[in-house]
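Hello,

Here is the structure, with its sequence, for your files. My notes on what was found follow below it.

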Amino acid sequence: MTNVRVAFDIMADGAAPPPDHQLIRFHMIFDVKMEDFQRKARLVAAGHATKAPTTLTYVSVVSRETVRIALLIAALNDVDTWAADVLNAYITAPCQEKIWTTLGREFGDDCGKKAIVLHALYGLKSSGAAIRAHLAGCMRGMGYVSCPADPDLWLKEQTDRKGSWCYSYILCYVDNLLVVHHKPKRIMDKINSFLPLKPASVGPPEMYLGTKLRKKTFEDGTTTWGLSPAKYVQQAVRNVETYLKTNLEGRYSLPKRGENPFPVDYAPEESVTPLLEPEVVTFYMQLIGILRWMCELGWIDICTEVSILSLYSVMPREGHLEAALHVFSYLKSKSNSWLIFDPMEPDVGESVFVSVTGPTSTWERVRLCRLMPLSPLGRV
């Protein structure tokens, strides 16, 4: 509560709040973070009870495709990459709403006193937009401009170590920052003077947005970045196994061997197994959500299977649940895969392309495309 207290201006005894301020309640919530299953406790405002602001209220984030492109650009140009987390990000931004509250027991001796909210807090309708605007002000103050293709990618013209013209990049995902610059510490120090950063989070990234990051060096000396959601996948598999034993009384289990995401020749649309019970349907939907997040983190070889299974989220059958558990069995045996951003140009010759202009049938073109002798593009 020490960090949260700065967001409240405690009024003197007997003082009345301004007439244009709204009364709002606060409460504690306990949750588990999606990316690493870390337990969190937050003091949250009951924002649903306030009037909606007339402007945008959400916070946008940098896309994962932009993050991967930035890592590839860093490898192509031999530029350093650092990451950092903003300390108490929401509290650093001013509150855009006029609200007051009565402090609860979590404030100790100040319990029962009236206070005006000065800073953005979790739960308020405008907090997301407040931190986004606050962070944008920091970026503009440093001379960075927002990229039209992705507003949360900030760039600035620079000269590199050799005196050549280049761009410096800062990627913002709410309070997670990624800096691509030949002198990233200097950029981090400037940001820290405007927004306090967590000291332990500043440096070359080991984890970013739930994925492990590390540099890989090829045999020819080329260095690049790679990411892996292995930590999240391993913890998710353990959680699923625990849930099956404790909540479903062992009625279902992960297959012992999952060589492929789906069983061989499996067709979910042909399943005539019994429909799942309501509580098991909820569990099935949770599995789909976990698997979709893995796809977002870079687990690209299960995208098709997850998309197919998500079609049956409204009314899944036992066969669909068993197929989802088969995907988790596959992940359990292959949890340590990496997605490497290879900066080398692929050697693509004309022999890898086949003309499909002859057949007039769409299905005949598809058949020929599947028979094309494609060679690997790049290294993994």
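F8 stands opposite V117 in strand 7. Strand 7 (residues 114-117) runs antiparallel to strand 1, and three bridges join the two. They belong to an open sheet of four strands with mixed pairing, in the order 1-7-6-2. Strand 1 (8-10) and strand 2 (22-23) are at the edges with a single partner strand each, so one side of each has no neighbour in the sheet. Strands pair if DSSP finds at least two bridges between them; helices (H or I, at least four residues) and strands (E, at least two) are DSSP runs, numbered from the N terminus.

This is a predicted model: local features need pLDDT of at least 70 and side-chain atom pairs pLDDT 80 or more, while totals for chains, interfaces and linings use all residues. Residues are numbered from 1 along each chain as its sequence is written, and side-chain values use heavy atoms, without hydrogens and water.

In helix 7 (residues 303-310), E305, V306 and L309 are buried (under 20% relative accessible area, 1.4 Å probe, protein chains only). Seen down the axis of helix 7, the buried residues fall within an arc of 95° (directions from the axis to the C-beta atoms), so they line one face of the helix. Their cover includes helix 6 (278-297) and helix 8 (318-333), where contact means heavy atoms within 4.5 Å.

Regards

Note on methods
Buried means under 20% relative accessible area, exposed over 50%, partly exposed in between (1.4 Å probe, protein chains only).
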